[in-house]
Amino acid sequence: MSPPRGYDPKHPPGKPAGKARPGRKGKWAGPASTLTYAIQTELVTQLRKGATKRIAAGLAGTTEGRLQNWLRRGREAIEAGKRSRYTEFVQEVERAEASYQMTLVEASTDAITDKDINDKVIRWRLAVAAPKDFTVPREAAAPTGNGHGPMFEFITPDEARAKLDEKMTRFLEEYDQEARALAEPPPEADEGDEDEGDGS
């Protein structure tokens, strides 16, 4: 099988990240695994614009998993009472997200007085960004059965088994009664009664 048109196996696409040490092959560029000031600045800038953490990580040249790992390390350091690049990073990320959410809150407030603004997108974005702050938990409505009680009744498996056994016993008893009634011959009528009916 031949390689695709334009593919040269001696010169694969992409280029090494830097010069290799003597005797070693060069490494290929991949997602950044170290939190640098440049990456932190890019992440915070994108989050302040409203990007999700995944989008911001992609634009900064890293992955969402690494971003979450840096945030976890920062939160652990904050709980331990330590200060590091990661604690600063956590504070910057939270400040950037809060700044964007405040922009949305202000736009939503403006939409109250200006009826030309459609605030559905704003409310949706706030609910997605901070569901604990901007959504009301829904209560499940109780099902109704048109005045005949609930349509469905929640029961335990043991209760279901007991009810099923009870219905099966009742069904078998009724079936046995019908079978006995069919098996018994009908009572014979007296011969005198038959004559009276024929005498007319």
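The model is predicted. Its secondary structure comes to eight helices and zero strands. Read along the sequence, the pattern is α-α-α-α-α-α-α-α. The protein has 200 residues, and 17% of them count as buried. Take the contacts between residues at least 6 apart in sequence: 43% of these join residues at least 24 apart.

Start with α1, which covers residues 37–49. How does the span of α1 compare with what 1.5 Å a residue predicts? Its 13 residues should span 18 Å, and the end C-alpha atoms are 18 Å apart, so the two values agree. The buried residues of α1 are Ile-39, Gln-40, Leu-43, Val-44, Gln-46 and Leu-47. Seen down the axis of α1, these buried residues fall within an arc of 165 degrees, so they line one face of the helix. An α-helix has 3.6 residues a turn, so residues three or four places apart point the same way. On the other side of α1, the exposed residues are Tyr-37, Ala-38 and Lys-49. The buried residues of α1 pack against α2, α3 and α4. Just after the helix, Gly-50 takes a positive phi of about 110 degrees.

Is Gln-40 buried or exposed? At 4% relative accessibility, Gln-40 counts as buried, because the cut-off for buried is under 20%. Leaving out residues up to four places away in sequence, Gln-40 touches Leu-35, Arg-85, Glu-88, Phe-89 and Glu-92.

Next comes α2, residues 53–60. The loop between α2 and α3 holds Gly-61. Gly-61 has 35% relative accessibility and counts as partly exposed. Which residues does Gly-61 contact beyond its neighbours within four places in sequence? They are Gly-30, Pro-31 and Ala-32. Gly-61 and Pro-31 are 30 residues apart in sequence, but their C-alpha atoms are 5.6 Å apart in space.

Helix α3 takes up residues 64–79. At 1.5 Å a residue, its 16 residues should span 22 Å. The end C-alpha atoms are 22 Å apart, which agrees. Which residues of α3 are buried? The set is Leu-67, Trp-70, Leu-71, Gly-74 and Ala-77. They cover an arc of only 125 degrees around the axis, which puts them on the same side of α3. Gly-65 and Glu-79 are exposed on the other side. The cover over the buried residues of α3 includes α1, α2 and α4. Gly-81 follows α3, and its phi is positive, near 80 degrees.

Now follow the chain into α4, residues 85–113. Helix α4 is part of the cover over the buried residues of α3, and the buried residues of α1 pack against α4 as well. Within α4 lies Ser-108. Ser-108 has a relative accessible area of 16% and is buried. Setting aside neighbours within four places in sequence, Ser-108 is in contact with Asp-119 and Ile-122.

In α5, the buried residues include Ile-122, Arg-125 and Leu-126. Viewed down the axis of α5, its buried residues fall within an arc of 100 degrees, so they line one face of the helix. The face turned away from that buried side carries the exposed residues Lys-120, Val-121 and Trp-124. What covers the buried residues of α5 includes α4 and α6, the latter being residues 131–134.

Finish at the largest pocket. Its volume is about 200 Å³. Which residues line the largest pocket? The lining consists of Leu-47, Gly-50, Ala-51, Thr-52, Lys-53, Glu-64, Glu-97, Tyr-100, Gln-101, Arg-125, Val-128 and Ala-129. By class, that lining has five nonpolar, three polar and four charged residues.

Leu-47 is among the buried residues of α1. Gly-50 is the residue with positive phi just after that helix. Arg-125 is one of the buried residues in α5.

Technical notes
Residues numbered from 1 in each chain as written. Predicted model: local features only at pLDDT ≥ 70, side-chain atom pairs only at ≥ 80, totals over all residues. Heavy atoms only, no water. Helix = DSSP H or I, 4+ residues; strand = E, 2+ residues; numbered from the N terminus. Expected span 1.5 Å × (residues − 1). Buried < 20%, exposed > 50% of the residue type's maximum accessible area, 1.4 Å probe, protein only. Arc of directions from axis to C-beta. Contact = heavy atoms within 4.5 Å. 1 Å grid on protein atoms, 1.4 Å probe; cavity = no way out; pocket = protein on both sides within 12 Å on 5 of 7 lines; lining within 4 Å. Points joined across faces, edges and corners; volume = space filled by probe spheres on them. Nonpolar A, V, L, I, M, F, W, Y, C, P; charged D, E, K, R; others polar.
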